[in-house]
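Subject: Structure handover

Hi,

Here is the structure I said I would pass on.

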Amino acid sequence: MIDKTNKTAPKNDENIAMSDEQQTIQNITDQDYKYGFVTDIEMEAFPKGLDENIVRMISAKKNEPEFMTEWRLKAYRYWRKQKEPKWPKLEYSEVDYEDLYYYAAPKKDGPKSLDEVDPELLKTFDKLGVPLEERELLAGVAVDAVIDSVSVATTFKDKLGELGIIFCPISEAIQDHPELVKKYLGTVVPYTDNFYATLNSAVFSDGSFVYIPPGVRCPMELSSYFRINASKTGQFERTLIVADKGSYVSYLEGCTAPMRDENQLHAAVVELIALDDAEIKYSTVQNWYAGNKEGVGGIFNFVTKRGLCGGSNSKISWTQVETGSAITWKYPSCILKGDNSVGEFYSVALTNNYQQADTGTKMIHQGKNTRSLIISKGISAGKSNNAYRGLVKVNSKAENARNYSQCDSLLIGDQCGAHTYPYLEIENPSAQVEHEATTSKVSEDQIFYLNQRGISTEDAVGMIVSGYAREVFQQLPMEFAVEAQALMSVSLEGSVG
Amino acid sequence: MLSIKNLQVSVEEKPILKGLNLEVKPGEIHAIMGPNGSGKSTLAHVLSGREGYQVDSGSASYKGLNLLEMAPEIRAREGMFLAFQYPIEIPGVNNTSFLKKALNEIRKHRGEEELDAIDFLSLIKKQMKLVEMKEELLKRPVNQGFSGGEKKRNEILQMAVLNPTLAILDETDSGLDIDALRIVAGGVNKLRSSDNSFVVITHYQRLLDYIVPDFVHVLSNGQIIKSGTKELALELEERGYDWLLEEAESKV
Ligand SMILES: Nc1ncnc2c1ncn2[C@@H]1O[C@H](COP(=O)(O)OP(=O)(O)OP(=O)(O)O)[C@@H](O)[C@H]1O
Ligand SMILES: [Mg+2]
């Protein structure tokens, strides 16, 4: 017998568009993208469009070994045969893949230290609040900063090096540690995985590589800031994190992007591998340009993130705060292969104006006594649409698997939508799967109560939303949590009239 | 302090307040009594700026300001406080940080320096003693899972911390046990001064034994049909509202 406790029965396509809300909570006003600026750096771009030649050029440009070139080409040929998936809950104008640049980099060669970094870039980092320079030292954060496709600065490398930790751009890892890359790249997200991951495999430009040796606990949060800079440049970051036996690492990813009129495609791939007794904590704050209030412009964010708990007693925890992008399509997932392994997914996805988010997770239980936890908090404002799509799969050999899922939706205003699609595939009768779902709205009563205590409506909404998402924020490292809450307030500016 | 003239208010086209007059001077305590549905909470909400009420005519001024044109948070920052008949729960928002934010908004508005965490904590600890509230409630989310009485005490704690010029208490005594009633009233009495005023909405004469009002008004069908002193409350307790309603009708 399947022990399935449904405290609140999940309904498929639970469309809770609000219509009876009162007037106040509806006016959507302008909100300029806070980080909307463009860095004036010369770009060295390849011709538009994609063919085998471009793939070879990308690989050659990076001095890649033969195996990489071949892998990219296989992916490219496979991609040519694929069709872009259509998702029922996402609407967007089609991407013309022949009208994109597949490689762009700042013109100069990569500098060795901060002194060599283009002052323009440094100014950009300043505006973004990237903690390079002193702030980074104080915060103890090692930053692998990526502007467009090439990493321009990597710090703390020496300190990490003493522990045998490798933290570098993946392009560098391909040259310096080809054996590690060859061993792990594509093992969690194969190049055949899905349309966007396949494309990424063919043309990925850069990203981060992390390797933590056996028994090492990484002494600092590893952090990487990505941003999209060149117009019409598809961004194809590739991140690979390997935590060897008994090691631990916490990795932070944060992004902002300059204001642009045209939709920009982003198709990243992140692969995590945790061996026996290893733990990886991966946190994301995502704030890409979401388009203007009419829904024009903004980033298309089609990301494949997957972690493999390959060893026994391993653990992978995803925490994400999603406030940006015009379209987000993203399901950080865990394959719980090792016995007693643990997968966690904590998510806050906020959509405003015309944003669309289809996000969630997949927990694939393969090993014995595997456990997974899903805490998803969706927040919809304006005319946005927010969908949670989650799969809990328990294989026939996964004795005593457990899952607990909680999927909450919060609605602000009466023109937004929230949808919940929980899928269960249970093949082992010993599984215990529990799902709870709630939908609430920011009520006028709550806002008035806070108003009556002297708190402005904007602050009130920020407080209510932060309170609602508290469980997820608590998972973030301290500084990041503060940043994330600020982001939420900025993203909600003007969502309540 | 507060001057309401011929106030007419409707909700969804339905008239609720039908020409209400009230004058509150600094240092005074006014009690408002009246049958269920007569418009007491509506008055409290309109004065504090809640949406959804249509002011058809009349005026309300507070400290010489045109009250009805001010945003609710500005009224609050100008020293108006409403103790809610039904306090609202705000999940996940810490009671202490909420109250600190509220106080600092008010202080900022007055051009005073914001209190830091340490100063705020010592203030709140002092005021908690006033309402004899369990310290544990400070760590919890605002009103979430509070018992009815705890919510009411939390309202009074907020009032004690924010130290308003004009406080409207909407049935703060309802749902309180006798001890709590005494404590809440004690809190009000300690805050009482010649500079601030209270409008106390209640159904029970009992509260007025503890908070002695200068005036008692009876609100019925959207109008004040009778005003008097403390003795009026005693008479109401004895005779109910019917005789007053009849009296009011015969005048029409
Ligand atoms: N939003 C609303 N929509 C429709 N009617 C309303 C609304 N708000 C108040 N009313 C009506 O206005 C009248 C006055 O309500 P109000 O809450 O002010 O009464 P009250 O004097 O505070 O009563 P009680 O003693 O029960 O608290 C009632 O008839 C009530 O049903
Ligand atoms: Mg009432």
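Before the rest, the ground rules. This is a predicted model, so local features need pLDDT of at least 70 and side-chain atom pairs count only at pLDDT 80 or more, while totals for chains, interfaces and linings use all residues. Residues are numbered from 1 along each chain as its sequence is written, chains are lettered from A and ligands numbered from 1 in the order in which they are written, and side-chain values use heavy atoms, with hydrogens and water left out.

Back to A:S347. This serine sits in strand 18 (residues 342-351) of chain A; helices (H or I, at least four residues) and strands (E, at least two) are DSSP runs, numbered from the N terminus. A:S347 is buried, at 2% relative accessibility, where buried means under 20% relative accessible area, exposed over 50% and partly exposed in between (1.4 Å probe, protein chains only). Besides A:Q320, and leaving aside neighbours within four places in sequence, A:S347 is in contact with A:I375, A:S376, A:K377 and A:V472; contact means heavy atoms within 4.5 Å.

Zooming out, chain A has 12 helices and 24 strands. Of its 497 residues, 62% count as buried. Among contacts in chain A with a separation of 6 or more, 85% come from residues 24 or more positions apart.

**Cores**

The largest nonpolar core has 100 residues. By nonpolar core I mean a set of buried Ala, Val, Leu, Ile, Met, Phe, Trp, Tyr and Cys residues joined through side-chain atoms within 4.5 Å. Those with the most contacts inside this core are A:I379, B:I4, B:L47, B:F98, B:L157 and B:M159. Helix 7 (residues 178-191) of chain B gives the most to this core, with seven residues. Domain 1 (1-30 + 444-497) and domain 2 (36-330) of chain A both contribute residues too, so the core lies between them; the domain bounds come from an automatic or database domain assignment. Apart from this core lies another, of 49 residues, among them A:I54, A:Y211, A:F300 and A:F302.

Leaving aside neighbours within four places in sequence, its contacts are B:L99, B:I124, B:Q127, B:M128, B:V131, B:M133 and B:L138.

**Interface**

Chain A and chain B bury about 2100 Å² between them, 64% of it on carbon and sulfur atoms. Buried area is the accessible area (1.4 Å probe) that two parts lose on being put together, summed over both. In chain A, A:F448, A:Y449 and A:R453 lose the most area to chain B, together 35% of what that side buries. The contact takes 20 residues from chain A and 30 residues from chain B.

There are 13 residue pairs in polar contact between the two chains (both at pLDDT 80 or more). Helix 9 (444-451) of chain A gives the most to the side that touches chain B, with seven residues.

How many salt bridges cross this interface? The rule finds three, a salt bridge being a side-chain nitrogen of Lys or Arg within 4 Å of a carboxyl oxygen of Asp or Glu. A:R453 turns up again here, meeting B:E155 in a salt bridge (2.7 Å, N to O). There is also a network of salt bridges that links A:D459, B:R77, B:K101, B:E105 and B:K108.

**Other salt bridges**

Over all chains the count comes to 30 salt bridges.

In chain B, B:K63 forms a salt bridge with B:E78, the closest N and O atoms being 3.3 Å apart. B:K63 lies in the loop between strand 4 (54-62) and strand 5 (65-66), and B:E78 in the loop between helix 2 (72-77) and strand 6 (80-83), so the pair ties together parts that are 15 residues apart in sequence. B:K63 is partly exposed at 40%, and B:E78 is partly exposed at 22%.

Cheers

Terms used: A polar contact is a pair of N or O atoms within 3.5 Å; within protein, one must be able to donate a hydrogen and the other to accept it, and residues adjacent in sequence count only if both atoms are side-chain atoms.
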